[in-house]
Amino acid sequence: MFRKFTATKLFKVAAVIAVFGLLVFLNPRKIFDPVQMVLFGIYYPFEKTFYLLSLKVFETKDFVSSIGSLKKDNKDLIMENQKLLAENALFRDVKSENALLRDQLKLTPKQKFNLEYAFVIGQDSYGLSNWVVIDKGTSSGIKNGMPVIVSDGIIIGKIEETYSKSSKVGLLTNSQSVINAVVSGTETKGIVRGEYGLGIVFDMVLQTEVMKIGDEVITSGIGGNAPRGLLIGKIQETRPSEDRLFQQAVISPSVKFSELRLVAVIKSY
Amino acid sequence: MQNILIRLGVIFLAVLTQISFLPVFFSANKAPNIILLLVISWVVIVEFKNILIWIVISGILSDLIFFRSVGTSVIFFVILAYGISFLSRRFLVENKNWGFLMMAFFVLSAVIFHGLFNIFINSQFIENFRGSFWTELILRRNDIVMQIVYSLLIFPLCYFSLARLEKRISFYDKKINLG
């Protein structure tokens, strides 16, 4: 009778749930880390190829659907280009004046980062843990905890796990992400953390501090996990914290995390 | 041996599509779950006892590639497969005309329960039950609806492709047994 029972579907299902339930409860990451490393090593070339292929298909689809608006977009872009050229000329002038003043006042030069550029080759499609996979790993000198940026100064997250040729980047919207930050200009201090994997919140700000909608929030450099001055986003809304002891601000990120393609890892600063 | 390689290849391709192909076309929270659709299709096409091991392998691979605790997806997929196997053997055999609606019901229920399951195991839930689970569910309700729509659109492609493949596998199996 026992043999009959063990041959049933229900017994097999119960056995699988018991075994894997125990695994989830104990969560022995160390046992599966070598397996994961081998798996990522096998997946890496396919992931890269598939991602680039899907980008090509997406861009072709995008191009075909935007043919109608190309003429107008072209005209707008020409005008914007001219405006930017003029601004650039002004900034070049300001830059040389800045360098001259720094030299005269014997100030240290602005920080230059040691960057490793990488392409995004995979994303969290469930949207809960909010991470991306990039095509650089320990073989390129990437280590856990290194901050990841785009466009020369906008932070998007930090390296959470590394493999030989790829790494996992935990985004700022990840609910486990915490970074020290300040409001640019007013030096209002707080911490930026991910909320429900959907947004970013500037939390633990004293009630006496003033925050305005549109203020820029940057990394403070405190704690050493990221250099100072990396842009996180702009304040969209302020509210009291749940315990009413502090105030919070909802931050609108400066980049769309779902459209990340090329990122840079700060190896040293 | 050939059957094992083919099925492993299918699982490999499904996970690859999920991590590297779908996120480009769908925003993160709205992408359909190809691996889930694969499990549903497999359970309907092949007998449960023959496909259980492959469902377990799909779950393990999915957990490893998506950086989750190994076993999380396995538990969900196995419970889902058992439920679908139980219902499909009773209702699909007796009411062949309602087959399409039954499949749509399986996909709809699977996507909803998978969405709830994911929110449940999210780390926020463990830290703070009172606010986190329900708040996240309310925030993600539109995403779950869009996932259902996309899954229902993609499921027929997944199901018929897999049915053809399994037919070929069973044909080769018969050929080997007769030979």
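The model is predicted. Where pLDDT is low, the predicted coordinates should not be read in detail. Over chain A as a whole, the average pLDDT is 82. A score of at least 70 is reached by 86% of the residues.

Chain A has 12 strands and four helices. Of its 269 residues, 38% count as buried. Contacts were also sorted by sequence separation. Among those in chain A between residues at least 6 apart in sequence, 54% join residues at least 24 apart.

The interface was examined next. Chain B places 52 residues in contact with 45 residues of chain A. Together the two chains bury about 4,600 Å² between them. Carbon and sulfur atoms account for 72% of that area. On the chain B side, B:Val24, B:Leu64 and B:Phe67 lose the most area to chain A. These three residues together make up 16% of what that side buries. No salt bridges are counted between chain B and chain A. Polar contacts are present, with six residue pairs between the chains, both residues at pLDDT 80 or more.

Several helices of chain B contribute two or more residues to the side that touches chain A: helix 1 (2-25), helix 3 (48-65), helix 4 (72-94), helix 5 (99-121), helix 6 (123-127) and helix 7 (129-178). Helix 1 of chain B gives the most, with 13 residues. By class, this side of chain B has 30 nonpolar, 18 polar and four charged residues.

Salt bridges were searched over the whole structure. The total over all chains is 11. One of them pairs A:Lys48 with A:Asp135, with the closest N and O atoms 3.1 Å apart. A:Lys48 lies in helix 3 (residues 29-65) of chain A, and A:Asp135 in the loop between strand 2 (131-134) and strand 3 (147-150) of chain A, so the bridge ties together parts 87 residues apart in sequence. A:Lys48 is partly exposed, at 26% relative accessibility. A:Asp135 is buried, with a relative accessible area of 6%.

A second bridge joins the side chains of A:Lys267 and A:Glu116, at 3.1 Å from N to O. It links distant parts of the chain. A:Lys267 sits in strand 12 (residues 262-268) of chain A and A:Glu116 in strand 1 (residues 114-123) of chain A, 151 residues apart. A:Lys267 is partly exposed, at 26% relative accessibility, whereas A:Glu116 is buried, at 17%.

A further bridge connects A:Lys168 and A:Glu160, with the closest N and O atoms 3.2 Å apart. Here A:Lys168 is buried, with a relative accessible area of 7%. A:Glu160 counts as partly exposed, at 28%. Shared partners also join A:Glu116, A:Lys136 and A:Lys267 into one network of salt bridges.

A:Met204, a residue other than glycine, has a positive phi, near 60°. A:Met204 lies in strand 8 (residues 199-205) of chain A and is partly exposed, with a relative accessible area of 43%. A:Arg244 likewise has a positive phi, near 65°. A:Arg244 is placed in the loop between strand 10 (231-240) and strand 11 (247-253) of chain A. A:Arg244 counts as exposed, at 60% relative accessibility.

Technical notes. Residues are numbered from 1 along each chain as its sequence is written. Chains are lettered from A and ligands numbered from 1 in the order in which they are written. Side-chain values use heavy atoms; hydrogens and water are left out. Contact means heavy atoms within 4.5 Å. Buried area is the accessible area (1.4 Å probe) that two parts lose on being put together, summed over both. A salt bridge is a side-chain nitrogen of Lys or Arg within 4 Å of a carboxyl oxygen of Asp or Glu. A polar contact is a pair of N or O atoms within 3.5 Å; within protein, one must be able to donate a hydrogen and the other to accept it, and residues adjacent in sequence count only if both atoms are side-chain atoms. Ala, Val, Leu, Ile, Met, Phe, Trp, Tyr, Cys and Pro count as nonpolar, Asp, Glu, Lys and Arg as charged, and the others, Gly among them, as polar. pLDDT is the predictor's confidence in each residue, from 0 to 100. Buried means under 20% relative accessible area, exposed over 50%, partly exposed in between (1.4 Å probe, protein chains only).
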